[in-house]
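Please look over the sequence and the model below before reading on.

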Amino acid sequence: MYHQHPKDAQQIGKMKEVEEQLLKEKGTKTLSGAEAVVKSLLVEDVDLMFGYPGGAIMPVYDALYDFEEELRHVLTRHEQGAIHAAQGYARATGKVGVCLATSGPGATNLLTGIADAQIDSTPLVCITGQVHSHLLGTDAFQETDVVGISMPVTKWNIQVTKAADIPWAIARAFYVAKSGRPGPVLVDITKDAQFGELEFNYKKCESIRSYVAQPKVNPHRVLEAAELINRARKPLVLFGQGVLLADAKEQFKSFIEKGDLPAAWTIMGLSALETEHELNVGMLGMHGNYAPNKLTNECDVLIAVGMRFDDRVTGDLSRYAKQAKVIHLELDPAEVDKNVKTDVAIIGDCKLSLKLLTDAINSNEHSQWKKEFEKLKIEEFNQVINEELFPSEDEPMSMGEVVNLMSEATKGEAILVTDVGQHQMVAQRYYQFKKYRSNITSGGLGTMGFALPAALGAKMGMPHREVVAVIGDGGFQMTIQELGTLFQTQAKIKILVLNNEFLGMVRQWQDLFFDKRYASTEMVNPDFQTIAKGYHLETKKVNKREDLKQAMKDFVAHDGSYLLEVMVGKENNVFPMIPTGASVSDIRLK
């Protein structure tokens, strides 16, 4: 059975007793390095991890055998599945995700997920086994310099060659992963360090010299920003994942409501503000909503909160918001002025900076400015949304109508885990998010194959929430083997495969910019129904619109995992769209 967090006082008390006992043992008990790894994880309150065993990490797995009740391990079918599951767990719970892998190919199979976590600021601790220290640099069996390879895509990494250094390294890893702007950390441990002995002495890391996790907010910058906002006639707020990472939901809502500030989201900021909120003006970026993209180049003050001005949001930087004063609330100083020149930067945790800024601004109303958004919203609805959500009977089923029905069936309360492609853009545009921290996707790296294992991790971290994975037929086959993990754990997730028999997003570009030369994008797919049945999953395939509503009801109502495959239009495109290299003002409705 799959792991659930402790729910009663007795279980919680047991975990605390284990932690207290481990801390009392400092310097009094000799352990192997492998045992120290496990006990260090327990002190850090880890109760669930994902991984795949192998020779170089075998001592740690042997030590795990004695702690099955306190520290559950989920055996995935591939290391990439393990790290994506850890990502899903971290994103859903706000805790640090943990995964294990062996040396060589086991470690390198984690790299895609590590890079994904780095660019999307996901806190992970990845522990990899390594060959004996005397073999380092000799091209030994399954030896790879994973520390060197992973250095550009980790927040911090380290190789441990002595057992005595293991507690220190793991304590530091957890602190670095979760503090400040979160990110992935890798701890590579040689096999002799795992076999070696040490006196277990664990001290949680609470600071690192020269590493400033939480910069102090400068009150002068707050007042400067407030003055710009108070004078603004056409303010626009852009919010990203920083609001979620800072757990600043209430502070953000108070800020935009007091200033009557229209607010648009990046795909990583989605679900920080409920979709139906009157100040939520929609999605930014290449396939975002018409109004917030178009009006970015008409606002007079642009207020960015916890977002990094990614190129998919800005389009052509030389024509991006040149008329606006730019205020940037950001924890990581490296993101300020990196892409967009800032007039006022407020460095620090936005939970605090938003509160200070809210106190400093005047109560305001911008009714005329908001009407501009409404006007463009209606234009987008008439030209795009209505056709996407309610296609005529002679048209094939659209992704939008399927997502809309799923949103209604789940009442907008599910955790939505999306893969990468057309379905990702459609799902985030048309799912009506009503609950906080409910959108999990691969944003910056755009990793196909992310959704299935990430949904598994999210469900195991939040067993009381409904979790729906929305996947295209291409991305589904990249990690389809994780259906085996789903079967073994019996985690209850819903899988919605939107099948257009194409690599849809690439095909759309070929359609619009390469004269419909569909090079290597048409998919000849297997029978997903037969595969699902092989993993003992309940499953159904929908080819006709008249069967869709009942199938969706059965999909959501089923008590257990379920795969619903819906055949959608093969050559449907996602609009609006900002062509690559174009300005946000050039956004196309058709």
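Predicted model: local features only at pLDDT ≥ 70, side-chain atom pairs only at ≥ 80, totals over all residues.

The protein contains 24 helices and 20 strands. Its radius of gyration is 25 Å, close to the 25 Å that the globule rule gives for 590 residues, so the protein is as compact as a globular protein of that length. The C-alpha trace spans about 70 × 60 × 50 Å along the principal axes. Of the 590 residues, 59% count as buried. Among contacts with a separation of 6 or more, 76% are between residues 24 or more positions apart.

The helix pair α2 and α8 comes next. Helix α2 covers residues 33-43 and helix α8 residues 166-178; their axes are 9 Å apart and the packing angle is about 30°. Because angles under 35 degrees count as roughly parallel, α2 and α8 are roughly parallel to each other. The crossing of this pair is right-handed. On the α2 side the contact involves Gly33, Ala36, Val37, Ser40 and Leu41, which meet Ile166, Pro167, Ile170 and Phe174 of α8. By class, this contact holds seven nonpolar and two polar residues, and no charged ones. The spacing of such positions can be read against helix geometry. An α-helix has 3.6 residues a turn, so residues three or four places apart point the same way. In α2, Ala36 and Ser40 are both part of the contact, as are Val37 and Leu41. In α8, Ile166, Ile170 and Phe174 take part.

A second pair is formed by α12 and α15. The axes of α12 (residues 249-259) and α15 (residues 350-360) come within 9 Å and cross at roughly 25°. That angle makes α12 roughly parallel to α15. Here the crossing is left-handed. From α12, the residues in contact are Gln251, Phe252, Ser254, Phe255 and Lys258; from α15, they are Lys351, Leu354, Leu357, Thr358 and Asp359. These residues divide into four nonpolar, three polar and three charged.

How many residues of helix α19 are buried? In α19, which spans residues 451-461, eleven of eleven residues are buried, and the helix is mostly covered. The buried residues include Leu452, Leu456 and Met460, and also Lys459. Gly457 and Gly461 are buried as well.

The remaining points concern the backbone. Most residues other than glycine have a negative phi, and most peptide bonds are trans. Gln490 has a positive phi, near 60°, although it is a residue other than glycine. Gln490 sits in the loop between α21 (483-489) and β18 (494-499). With a relative accessible area of 38%, Gln490 is partly exposed. Glu501 also has a positive phi, near 55°. The place of Glu501 is the loop between β18 and α22 (504-513). Its relative accessibility is 29%, and Glu501 counts as partly exposed. What kind of peptide bond joins Phe575 and Pro576? The bond between Phe575 and Pro576 is cis, with omega about 0°. Pro576 lies in the segment after β20 (562-567).

Conventions:
Residues numbered from 1 in each chain as written. Heavy atoms only, no water. Axes fitted to C-alpha atoms, helices over the stretch in contact; angles between N-to-C directions. Helix = DSSP H or I, 4+ residues; strand = E, 2+ residues; numbered from the N terminus. Parallel < 35°, antiparallel > 145°, perpendicular 65-115°, else oblique. Left-handed = near helix turned anticlockwise from the far one by under 90°. Contact = heavy atoms within 4.5 Å. Nonpolar A, V, L, I, M, F, W, Y, C, P; charged D, E, K, R; others polar. Rg over C-alpha atoms; globule rule 2.2 N^0.38 Å. Buried < 20%, exposed > 50% of the residue type's maximum accessible area, 1.4 Å probe, protein only.
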